[in-house]
Every structure is written in C-alpha cells, then in structure tokens.
Amino acid sequence: MQRIPEEKIDEIRSQVDIVDVVGNYVQLKKQGRNYTGLCPFHGEKTPSFSVSPEKQIFHCFGCGKGGNVFSFLMQIDGLSFVESVKKVADLAHIPLDVAISQGDSAPGNKPDSQESKMIEIHQLASKLYHYLLMETEEGQEALQYLLDRGMSEQELDHFEIGFAPAHASTVTTFLKKREVDLALAVESGLLTERDDGEVVDRFRNRIMFPIKNDRGQLVGFSGRLFNQEDGPKYLNSPETPIFSKRNILYHFSDARQEIRKKEEILLLEGYMDVISSVSATFSNGVASMGTSLTEEHVQMIRRVTNRAIICYDGDRAGIEASFKAGTMLAEQHRLEVFVLQLPNGKDPDDFIRSEGAEKFAEIYTHQRLTWTAFKLQFFKRNRNLQNETDKIAYLGEALAEIGKLDQAVERELYLKQLGSEFDLSMEALKQQLQQTVVVKPKPHDYGGPPPESYGEYPSYEGDGGPVYEQFSFAQPSGVPSAGLTSEKRLLKYMLEDRDAFIQIRNLLEEHQTDFYHDNYKALYTHLIGFYASGNDANPLALMDQLKDDMARNLVSELEMMTVNTDVSIEEYQDYVQSLTKSSIERDIKEKEQALLTATQQGDIPAALELARTITTMRATMKNTPN
C-alpha cells in the first residue's frame, strides 16, 4: 500500500469544509459560531451534535463521538482511513493516486470484500440493461412503452433505466464471459439457481430500475412488467447482504442535496412518481419501494430534514398509507408533515404527465394540507355525516385532534371551520374543547452544547420543563470535580500549544503526579509520542494518528471547550497542584477503608500505622496550595 504523505493529507483536509461534508448526512443549523443537529450515531430528539467550522471538528455531547472530517466518514460510512482520505480528495477535486490494499479497508467494507464485489456485479448488469433498452432491437418495445408514457431519453439516461430480455441467460452469459463468480451473483440476488442447479437470470422481460443505497452504491434492481404477461407488476431484488428494503429509499442519495436546499423531503410511492417529480423540478422526491415507511427510513429522513411532504396515490390504499406514514413521522418522531392530495385520485406520475409540472407545483406550494387538516378529512371517511351518531363521533375525534395543537391561533382556525361546517357556535365548541386541551409548557430550544461540566444535557421527555439525562462522558465516579477540571484544562492547553506541553510535562514530573482518568492518561501518552516525532501542535493531525476511538472522541470534546488563551505558567502549576491534591484525597480514602477493615478485624498495630499515615497525608494535603 502506498503511504499518503502527511503534507498531502493536510492539503486535502484544508480544502474541504467539514460543515459541507457532515451536512450531507445531518441537517445542520447555525447556532452561534457552530452548527448543531441531531446526532447520526445515536437516536435523540434534542440536538446534541455540534460541528465547528473554525476548528473543523465534530462532537456529540450525547454519545461522545467526535473527530475531524476523515473520522466522521470513517464512522458514518464504515470506511478505512485511506478510503476516507480518498473520498474527501474526490470532494475537493484533488488527484490522489493511491492504491487501497485489503488491510486498508474497514471490516465488511473492503473493496475486494464480498459486498463490494456484489456492488460491482450490479454495476456491470446495470450498464448491460441500459444498453439493451436504448441500443438494441430487442429493447425497442420496452423503450417505446416508456416514451409513450411521456418519458424522455434524457430521463432514461439520468436514472439509468434498462431492459431485461425474456431470455433466461442474458445476464448469466454476460457475467460468465467476464469471469464473474456466478455463485456470488446468485447471493447478490441478480441471478437465481433452479432446482436442478442451473443458474439463470432473475429478471426477465422487465423494465429495470437500478436502486442505490444512501451512499450512492448500486445494490439492487426493481423490474417492472410492461406488457400483459403474468407475474407481479414489480419484482424487486431479494434481501441480500447489500440490499434491504427497510434501509433504502429510492433516489435518496441523489435527492439529499435538494432536500437540504428545500429543507423538506417529498415522499412518493413509486419509481415513476419520483422520475416525474424530478422532471417537474422537484428533485427532493424519494420512494419507499412499495413497502411501508420503516423506522430506518425515518432515521434517514431525520438526518437531512425535519419536514416531510407526503404525496401518495389518491386511491383508498394511498390515503391509508399517507395516514400511516404521517402518524409515524408527525406523532412518533415529531416531524412537520404536510399532505398533497391530487385531484381525481391520480398518482403523481399520471398527474404530472397529464396536467403538467406547473399545475403540480401550484398544488405542492399552495394547496398542501397540514397534518391536522389531513387528519380531519381522513376521519370523515366511511362516516355518514347526515347521521347524528356518526356526526357526534366525528366531532369528538376532530376536537381531540384540535386539542393537541400548541398554538391558540391554530385551534381557533379549525374550530371556526368545524363551526361553519356543522352550524355550531364557537362558544359550544370551545366549551367542549376545554375538556380535551392539556396545556404543556413549550420547551425552550436548547440547541448548543451543554455547560463545561459535560455532565448533563437538557432533554424534554417530561412535562414540567427540562429533564436532565446523564451521559457516559459525565464526571468519572470517585474523581473530584476540581481534579477532573484540571485534567481537562491541562490536556486542552497541551493539545493546542507545543510550548505549553513542554511546560506542563515538566511540572507533572516535578510534582511526581499524573492524570487519573484512563482516557486522559492515554491521550497524554499519545501526545508525548506525537510531539516527540517533531510535530507542531495540530489536533486535526493528531486525530488522524489515533487508532483509539475513545482518544479521538476526547480530543474533539476538549477542542469544543472554551478556555482562557492568555494563560501563565503559574496557572499551569495551579492545575498540576490540583491533580496532586486529588491524588492524595484518593489515597486517603483508600487508607481510611483499610483502617476500617483493620479495626473490624482487631488488627490494632495495622490500624495505628494506618491512622498515623492518614494524619501525615492530611497534613501534606493541607499544605498543598489550592
């Protein structure tokens, strides 16, 4: 493996803003000097994930993960360090001719791993399918079908749509000639094995839609029938090591940037809906590939936006699917949800092809229903509102929903609509509503990092204001607060200044003391080696050399701290003396426990010796400056 020079790594790192890279995975909002968002590494409802453009690092005050742009990609995409450097180099348009060996790649994500080979097989098949559709007589019928539906050749090229012939061995023969492992192609879902052991094509006589995961890798296909032959309308790749419908939204990797730009995602049902929406300049559209929205899908969405526009088919099944998806997004995960209902029950593809992009844009922009408005319509379904029993039941459901709204203006608006529709007075509706509304204090938006103690961070799970959750990076058990603060500040200064490192190390040796917390002690050891190699202070470069995630997380945590930069050696000495005092306090507690044990066992000589030692230690601590 060719080693990447440190100078090249520094150049690549300096040419890319970590905010832009992280922003492809996390919806970030500016808050002060930093950007905050929901952590992509653990589930949370209150943002504790922070990105510093000034320091070019990220840190989550919830789970403790942190690092620079390379370590972010390593953790979010499962890349090795070399792979992450190459990815950042590509983003910065910096040539980097470095071969990646098997040892460079992260487990389960190696270029020569089974999964990577499966992806390569799918890429080969996709090129073949597209060629067969666009360039051969065999694909002419399928091509004409797509063109008759209003698709352009530009759309077909953009989405790499293809055609699988009716023959049983088109792809199989193609892969054989390229000496591809057919058993692996079977495992990948592209081919299938008959009972007699013969390997044949899985997809036949179908229009082929390539499917990419959220990293833009081609991992599967969906084949659509286009004539009157028997079989399911759509045939998807089976569940494989690289393909799982629960974790894939069609077009998500390509839509991510537009979703961030519009600050909302357009949820559709089918591939053709997505393609039509893109042609109508709504490139933020994605589809869940014929399956219900899953928790994994919601987590993908929450990383890039907190607003969803649902535009499913207008038939009964589509309306029910809209209600189910909206309930998950709005009520279980607190996203802002709107619903588009297209006229005459049309699906988005049919509507855009027949009515045009401008009409769709008009509905998208000006006729979207709020989640409450959609639910009020949904509850009317299957009810005879001329019947008093059904009418009263509906009003009860409607008032219960209105009662959930936080804003008085919203409640007033929907109450007026109900009053007008059913000829009821506002007084009567408000009186009934009072039995439903439960006013809760609106939580303040704490988006920034917690206090320097790092011990707790506000969460709003309760009803009476903030409830504080304790996290793993809280003060270590048994370590005095002053000692922990001193450890953090000393390491912070040593990270950012080589001269400070030399001065503090001399003081530690002079006082014969050391860091207590294991992670801090380990980072100090790393710093000794880092500076001994001739490096200047550079926390980002240090992160690249750290193999231990805990150490890297600690560097990002310390870098997020704000401390006085105008510091003297006397202040360093105060912190070192604090470590000494903390060490003595821990020793005294150990001796006191030993004294208690000796006394209980009747070992008088040992107890007297321990008592004298404790007295001496207390005197030493008393004489140690605070």
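A strand, in the sense used on this tour, is a DSSP run of at least two E residues, and a helix is a run of at least four H or I residues. Keep in mind throughout that the model is predicted.

Begin by selecting residues 39-63, which the unreviewed UniProt entry lists as "zinc finger region: CHC2-type".

Next, colour the strands S1 to S5, which form an open sheet in the order S1-S2-S3-S4-S5 with antiparallel pairing. Strand S1 (29-31) and strand S5 (66-67) are at the edges and have a single partner strand each, so one side of each is left without a neighbour in the sheet. If you zoom in on strand S4 (residues 57-60), you will find that two bridges join S4 to S5, and that His59 has Gly66 in S5 as its bridge partner.

Then move to the largest nonpolar core, which has 61 residues, and where Tyr129, Ile161, Leu175, Leu190, Tyr250 and Phe360 touch the most other members. Helix H5 (residues 114-135) contributes nine residues, the most of any to this core. Because domain 2 (114-236) and domain 3 (255-378) both give residues to this core, it lies between them. Select Tyr129 to see some of its contacts beyond four places in sequence, including Phe163, Val171, Leu190 and Phe221.

Finally, show Val298, Ala330, Val337 and Leu376, which are among the 43 residues of another core, lying apart from the largest one.

Technical notes
Residues numbered from 1 in each chain as written. Predicted model: local features only at pLDDT ≥ 70, side-chain atom pairs only at ≥ 80, totals over all residues. Heavy atoms only, no water. Core = buried A, V, L, I, M, F, W, Y, C linked by side-chain atoms within 4.5 Å. Buried < 20%, exposed > 50% of the residue type's maximum accessible area, 1.4 Å probe, protein only. Domains from an automatic or database assignment. Contact = heavy atoms within 4.5 Å. UniProt positions renumbered as here; feature names shortened; annotations may be inferred. Pairing = 2+ DSSP bridges.
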